[in-house]
Amino acid sequence: MRSAVSVADRTVERALAPRHSVYAEEVRRLIDAGVAVMRDGQSTNPRVSEIVAQAGLSNQAFYRHFRSKDELLLAILDDGLRQLVGYLEHQMAKETSGLGQVRRWVEGILAQAANPGAAEATRGVVVNTARLGQLFPEEFRRSEELIKAPVRAAIETAVEQGELGAADPERDAEAAYRLAMGTMQSCLGDGRRPSRADIAHLVGFVVAGLEGER
């Protein structure tokens, strides 16, 4: 189940309510600018001055919404994960079987490293993932839950359909998440694109692990 309020929205709510639409636009511009600076400059540690210049805003506007650059990076990560969830749910909806949905979920995550455009837009934030998790543990866990929820539901569906026997959806979803996201993040960190064979192998590994619980 998706979190009701995103990190970006919570930063906006701290500002004055009457100017919500203006501030929401500023936050959106800062998030998009942060992604663009990291993508175009191949940087994993952009300066605030670069971000505000790209956004066409001032330092005052930046600190009106974000207390630090790391808080902006967290908002970028959360925003990207929410977009990824939308993509995963769209792909998974093409399958009627639970295991088919699991396969689509794994493929969709690895597509973020296999697709050049997605990889360029994602790499800068992914490199900062571990640090952001330490700085913002509660917010980070909420963002992780967004990704795990669809595959947990798919595993539950597979059990209901009789494709799986003694599954543990909570633990199985956690294991699948660590495998898929860990592989994707490793590829992005190394600047390596997973091949079709790499993706097929991981998909098969995850499904075999689930089926092995029978």
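This is a predicted model: local features need pLDDT of at least 70, side-chain atom pairs count only at pLDDT 80 or more; totals for chains, interfaces and linings use all residues.
Student: OK, and at what angle do the axes of α10 and α11 cross?

Tutor: The axes of α10 (residues 169–190) and α11 (residues 196–211) cross at roughly 165 degrees and come within 11 Å. Axes are lines fitted to C-alpha atoms, for helices over the stretch in contact, with angles from 0 to 180 degrees between N-to-C directions, and helices are DSSP runs (H or I, at least four residues) numbered from the N terminus. The crossing of α10 and α11 is right-handed, a term used if the near helix is turned clockwise from the far one by less than a right angle.

Student: Which residues make that contact?

Tutor: From α10 they are D172, A176, L179, A180 and T183, and from α11 they are L202, F205, V206 and L210, where contact means heavy atoms within 4.5 Å. These residues divide into seven nonpolar, one polar and one charged; Ala, Val, Leu, Ile, Met, Phe, Trp, Tyr, Cys and Pro count as nonpolar, Asp, Glu, Lys and Arg as charged, and the others, Gly among them, as polar.

Student: Switching topic, how many aromatic pairs are there?

Tutor: The count comes to two aromatic pairs, where rings of Phe, Tyr and Trp (its six-membered ring) pair if their centres lie within 6.5 Å, and planes under 30 degrees apart count as stacked, over 60 as edge-to-face and the rest as tilted. The rings of F62 and Y63 have centres 4.9 Å apart and planes at 75 degrees, so the pair is edge-to-face. Together, F62, Y63 and F66 form one aromatic cluster.

Student: And Y63, is that buried or exposed, or in between?

Tutor: Y63 is partly exposed, with a relative accessible area of 47%, whereas F62 is buried at 0%, and F66 is buried at 0% as well. Buried means under 20% relative accessible area, exposed over 50%, and partly exposed in between (1.4 Å probe, protein chains only).

Student: What about E26, where is that and what does it contact?

Tutor: E26 lies in helix α2 and is buried, with a relative accessible area of 10%. Leaving aside neighbours within four places in sequence, E26 is in contact with L57, A61, R64 and H65. E26 and L57 are 31 residues apart in sequence, yet their C-alpha atoms are 7.9 Å apart in space.

Technical notes:
Residues are numbered from 1 along each chain as its sequence is written. Side-chain values use heavy atoms; hydrogens and water are left out. Helices (H or I, at least four residues) and strands (E, at least two) are DSSP runs, numbered from the N terminus.
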